[in-house]
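Here are some notes for a colleague who is opening this structure for the first time. They are set out as numbered points, to be read with the model in view.

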Amino acid sequence: MALARLSKGARVHAAKAIKKLLRSLGREDLASSIKVPKYGTRKWSIPSDESLRRFYHALDHEGARLAFRLLAETGLRKREVLEARVSDINWDYMALIPNKASRTKKSGIGFFTAETAELLRAYITDRKPEERIFPYKSDTWLRKAFKRAEARTGVHVAPQMLRVRFSDKLGEVDVPDRYVDILQGRAPTSVLAKHYTPAGLKKLRAKWAKAEELLRIA
């Protein structure tokens with residue numbers, strides 16, 4: 001196949017172009033059969049679940065523990081979690097939607113466990129809807145907390161690792177890539193917007209729930 005002779009980066013762009021063409025021709029069946037290669041190579045390996053638990057319990061900052069859980073369970077980008085506002089929480093579906101999709105901006109739709117919901121409620125008790133969940137101007141506080149936990153455990157963890165782990169766990173339970181892309185904000189804005197509805201959120205949470213036990217860390 002011609003795609004196989006291309007570099008990984010070129011295959012990503014070519015596969016996306018072919019999928020877009022097939023969809024424009026009304027051949028969603030063929031488009032969905034083409035897998036887009038994951039771009040880039042990992043510069044690190046994902047720690048084992050047991051190592052991640054040790055790291056989590058070594059965190060000495062309440063906000064860092066909550067951020068860790070949200071990053072691991074939602075699969076959202078670090079920026080999306082740290083800059084999310086109280087009003088971005090949908091308690092009906094235990095979802096975190098950092099910003100609604102627009103013409104120029106898109107983000108993921110993250111779900112969290114009931115245990116994390118309890119911690120989150122307690123953490124934002126005095127926060128107003130328009131305020132950030134984490135009241136910090138930068139991510140320095142989180143990086144320092146992670147460094148301290150690493151020093152105690154010897155386990156290196158970066159937010160991007162938890163995002164990759166999230167997609168890996170959903171893959172283990174056969175959640176289709178298109179849903180993982182929606183959850184992690186890689187889908188077109190038009191597709192994302194359709195899933196902000198109650199029906200869309202219910203369907204997405206059901207897909208996420210297949211991997212809920214695998215995503216738990218604490």
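1. Helices here are DSSP runs of H or I with at least four residues, strands are runs of E with at least two, and both are numbered from the N terminus. In that sense D49 belongs to helix α3, and E50 lies in helix α3 as well. Please keep in mind throughout that this is a predicted model.

2. For the overall picture, the protein chain has 12 helices and three strands. It consists of 218 residues, of which 44% count as buried. Among the contacts in the chain with a separation of 6 or more, 68% are between residues 24 or more positions apart. The chain exposes about 12,000 Å², and carbon and sulfur atoms supply 53% of that area.

3. How do α3 and α4 run relative to each other? Helix α3, residues 49–58, packs with helix α4, residues 62–74, at an angle of about 150 degrees, and their axes are 9 Å apart. Angles over 145 degrees count as roughly antiparallel, and the two helices α3 and α4 are therefore roughly antiparallel to each other.

4. The residues that bring these helices together can be picked out in the model: from α3 they are L52, F55 and Y56, and they meet R65, F68 and R69 of α4. Sorted by class, this contact of α3 with α4 has four nonpolar residues and two charged ones, with no polar residues.

5. Leaving aside neighbours within four places in sequence, D49 is in contact with R165, K169 and L214. One of these partners, R165, also makes a polar contact with D49, side chain to side chain, at 3.2 Å.

6. For E50 it is I217, 167 residues away in sequence and 8.2 Å away in space by the C-alpha atoms. E50 counts as partly exposed, at 46% relative accessibility.

7. Is E80 buried or exposed? This residue sits in helix α5, which spans residues 78–82, and at 2% relative accessibility E80 counts as buried, because the cut-off for buried is under 20%. Not counting residues up to four places away in sequence, E80 touches P98, K106, S107 and G108. In the case of G108, the backbone nitrogen lies 3.3 Å from a polar atom of the E80 side chain.

8. M94 is found in the loop between β1 (89–90) and β2 (95–96), and its phi is near 45 degrees, a positive value in a residue other than glycine. D174, in the loop between α8 (159–172) and α9 (177–183), has a positive phi of about 65 degrees although it is not a glycine. D174 is exposed, with a relative accessible area of 64%.

Notes: Residues numbered from 1 in each chain as written. Predicted model: local features only at pLDDT ≥ 70, side-chain atom pairs only at ≥ 80, totals over all residues. Heavy atoms only, no water. Buried < 20%, exposed > 50% of the residue type's maximum accessible area, 1.4 Å probe, protein only. Polar contact = N/O pair within 3.5 Å; in protein donor to acceptor, adjacent residues only side chain to side chain. Contact = heavy atoms within 4.5 Å. Areas by Shrake-Rupley, 256 points an atom, 1.4 Å probe, with all protein chains shown as cover. Axes fitted to C-alpha atoms, helices over the stretch in contact; angles between N-to-C directions. Parallel < 35°, antiparallel > 145°, perpendicular 65-115°, else oblique. Nonpolar A, V, L, I, M, F, W, Y, C, P; charged D, E, K, R; others polar.
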